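Subject: Handing over a structure, with notes

Dear colleague,

Please find the structure below, followed by my notes on what was found in it.

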Amino acid sequence: MPQIFQCMVGDRALIIEVGKLAAQANGAVTVRYGDTMVLVTACVSSELREGVDFLPLTVDYEERHYAAGKIPGSFIRREGRPSQDAILADRLTDRTLRPLFPKGFRNDIQVVITVLSADQENDPDVLAMIGASAALSLSDIPFDGPVAAVRVGCLDGKLVLNPTFTQLNDSTLDLVIAGSSDAVVMVEAGAREVAESLIIDAIKFGQEAVQGIIRLQRQLQEAWGKPKMDFRVSEVGPEVEGAVSSILEGRLTELIYKPRAEREEALSALKEELSRKLGESFPLPAILSALESRLKGELRSQILEKGGRAEGRQLTEVRPIDIEVGFLPRTHGSGLFTRGGTQVVTTATLGSVRKEQLIDTIAQEGTKRFMHHYNFPPYSVGEVRRIVGPGRREIGHGALVERALTPVLPSEEDFPYTIRLVSEVLTSNGSTSMASVCASSLSLMDAGVPIKTSVAGVAMGLISGDNRYVVLTDIEGLEDAYGDMDFKVAGTAQGITALQMDTKLKGLAYEVIEKALSQAHDARLFILDRMNQTISSSRPELSQYAPRMYKITIDPDRIGTVIGPGGKMIRSIVEETKTTIDIENDGTVLIGSVSEEGAQKAIKIIESLTREVEVGAIYTGRVTRVTNFGAFVEILPGKEGMVHISELADYRVPSVEEVVKVGDEIMVMVTEIDRMGRINLSRRAVLQGLSQVARVKDTLASPLPRRPSGPRPRREEERRTSGGPPSRGPLRRPYDRDRKPPEN
């Protein structure tokens with residue numbers, strides 16, 4: 001019979017149910033918190049996978065749109081490749097579980113997390129981590145658990161356990177911690193420039209909270225747990241280790257302290273020598289495994305006993321830094337950051353708000369205006385491999401950098417652009433994600449994005465053994481591979497904006513975390529100082545190749561006029577002005593264009609479309625049609641009025657065609673808007689009020705200047721000669737709206 005186990009976490013109940021679903025899996029549970037529920041299963045292969053030197057663990061996080069009552073938005077209307085949120089969730093789970101399997105276990109393990117229900121307030125990712133631990137704990141798979149996870153926020157200066165999505169919008173901290181009964185296993189956080197002390201308090205707060213969940217899992221394990229399976233560990237025999245050691249005696253210490261390029265060359269030569277001397281007696285994989293084991297042991301011994309690091313660095317020393325900005329001529333912004341053997345170039349591209357990324361997941365719908373994409377090509381480590389789409393590592397590193405920079409970005413109201421950063425790893429020798437943080441900050445400043453301040457990142461390492469430990473600042477590739485911890489910390493001079501901690505140990509003590517954060521703070525300030533020597537603030541002007549965004553506000557009731565039937569009007573404006581136009585529901589209009597002229601033209605058209613016609617105002621309009629009683633003139637886009645024949649000139653006009661024709665531009669005054677909204681115009685009123693120069697200009701604007709027909713008024717000199725009275729011109733009859741024009 002199914003059985004339910006539950007405990008209080010924060011102000012809500014956490015419910016774990018076992019024995020109801022997925023009976024053929026090695027372990028299966030459902031975890032519920034609020035109305036969010038996940039099914040987690042764990043399965044293992046019965047056979048050892050030969051020829052691998054890593055734990056073959058796969059975690060799959062399956063989002064189902066039905067969980068939130070949605071139909072997928074793709075063309076085929078079903079779930080496809082995992083979303084970024086799903087990939088980040090399975091990485092959280094993987095990084096929590098991986099250190100807790102036995103060393104040398106090489107059977108394939110698969111953990112599948114299926115989100116069955118999502119209330120869009122409680123994030124399923126933490127439930128996935130708890131469910132994975134519970135499923136593994138009650139299964140027959142060897143697992144040194146249980147572990148549990150919680151999310152910690154900070155609202156109004158107070159730490160909050162498992163804040164909802166709504167609360168996280170106002171939280172200065174979003175920290176996920178996974179812990180065992182006696183140590184911290186994994187930490188990941190985004191923050192708004194918070195102090196190291198708050199991070200420590202949040203970790204302790206979360207570690208205390210997971211203890212109740214761990215006790216709940218132990219109850220589940222006692223009631224439903226299976227005996228753990230026997231397994232065979234693939235180990236290198238003592239004969240191989242002895243033979244390799246005899247050849248390597250005293251040679252590895254010198255190799256470790258060489259510069260990386262020389263070290264790699266010497267290591268390759270050493271592998272060839274071992275293969276040549278021992279290849280006939282032992283398998284090559286066993287020989288190489290013994291070499292790696294000796295190299296790892298030598299590196300750790302040198303650091304722990306002598307404090308000596310690769311390339312002779314001190315424990316807290318940052319590798320040499322070289323920085324360059326603006327070296328790519330046509331990108332909107334670029335930053336090249338080199339630290340030791342790691343080199344990253346990041347480019348910044350600005351676009352209109354219509355370029356925002358559409359988000360359609362079970363957790364949220366909307367758009368994202370800031371994106372960071374991370375690429376790790378094979379040449380960065382001197383390898384040859386097929387280049388495919390971004391993997392989980394690329395997605396995870398890209399999201400970490402994005403989280404680190406988000407707190408310093410200007411608001412959309414102050415900077416109405418979509419921002420995309422792309423980091424290309426050119427050379428990799430440790431902590432490329434933190435180098436990407438630095439390069440990204442530089443590229444934003446070079447692009448003229450008014451960010452709050454510079455952001456830098458650094459990775460901390462750990463070597464432990466014999467009840468001793470050493471925290472390393474700015475680890476390189478060898479120290480990452482053979483060390484016990486990878487603790488990435490990013491932030492500004494004011495505080496931390498993102499961090500990510502992984503360990504190969506069963507967990508870390510608080511004092512190790514505190515020391516790592518302290519050293520990371522000092523290193524971050526050092527790196528920021530070097531960055532500020534190159535560029536200390538954002539450039540005052542955007543790149544000449546970046547679009548300029550202009551914001552105007554119109555009456556929301558006039559939005560339909562700008563868009564037009566079926567979008568006809570707005571499309572015509574875009575095509576005519578070569579701009580981008582985005583309209584918000586509140587009447588905010590964003591016009592983007594590389595050309596100042598095009599942007600101003602679009603603004604003028606939109607303002608004309610939304611401007612109300614005013615009685616007494618003068619407009620320059622185009623004649624759209626003529627009749628025998630007058631001309632119709634478009635004074636604003638979509639706004640047309642009628643000039644009666646008696647108002648076309650300041651003299652008697654025998655016919656409309658003798659003064660204007662279709663296509664002419666004339667100046668008219670609005671004399672009346674009647675009860676039916678009809679607009680009456682007068683050109684005569686404008687002509688009588690114009691100065692002589694303006695009148696001449698208006699006359700010249702007409703393609704065929706015309707003279708009145710009939711008797712020509714006498715010139716002044718003729719009047720003086722003849723002695724006759726001055727000419728008063730032909731008499732004009734007052735305009736009568738109801739009078740019909742005479743028929744021809």
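In which helix does Asp125 lie? Asp125 belongs to helix α2, which covers residues 124-138; helices here are DSSP runs of H or I with at least four residues, strands are DSSP runs of E with at least two, and both are numbered from the N terminus.

Before going further, please keep in mind that this is a predicted model, in which local features need pLDDT of at least 70 and side-chain atom pairs count only at pLDDT 80 or more, while totals for chains, interfaces and linings use all residues. Residues are numbered from 1 along each chain as its sequence is written, and side-chain values use heavy atoms, with hydrogens and water left out.

To stay with Asp125, this residue is buried, with a relative accessible area of 7%, where buried means under 20%, exposed means over 50% and partly exposed lies in between, for a 1.4 Å probe and protein chains only. Its side chain forms a polar contact of 3.0 Å with the side chain of Arg151; such a contact is a pair of N or O atoms within 3.5 Å, and within protein one must be able to donate a hydrogen and the other to accept it, with residues adjacent in sequence counting only if both atoms are side-chain atoms. Leaving out residues up to four places away in sequence, Asp125 touches Tyr61, Ala89, Leu92 and Arg151, contact meaning heavy atoms within 4.5 Å.

Looking at the whole, the protein has 18 helices and 29 strands. Its radius of gyration is 37 Å, well over the 27 Å that the globule rule gives for 744 residues, so the protein is more spread out than a compact globule; the radius is taken over C-alpha atoms, and the rule is 2.2 Å times the number of residues to the power 0.38. Along the principal axes, the C-alpha atoms fill a box of roughly 135 × 65 × 50 Å. Of the 744 residues, 51% count as buried, and among contacts between residues at least 6 apart in sequence, 70% join residues at least 24 apart.

Leu220 lies in helix α4, residues 196-224, and counts as buried at 0% relative accessibility. Beyond its neighbours within four places in sequence, its contacts include Phe5, Ile16 and Val18.

Arg95, placed in helix α1 (residues 84-97), is also worth a look. Arg95 counts as buried at 11% relative accessibility, and its side chain makes a polar contact of 2.7 Å with that of Glu188.

Is Asp466 buried or exposed? Asp466 is exposed, with a relative accessible area of 66%, and is found in the loop between β18 (456-465) and β19 (468-473).

The peptide bond from Gly145 to Pro146 is cis, with omega near 5°, and Pro146 is in the loop between α2 and β7 (148-155). Arg77, a residue other than glycine, has a positive phi near 55° and counts as partly exposed at 49% relative accessibility. Asn162 is not a glycine either, yet has a positive phi of about 45°, and at 10% relative accessibility Asn162 counts as buried.
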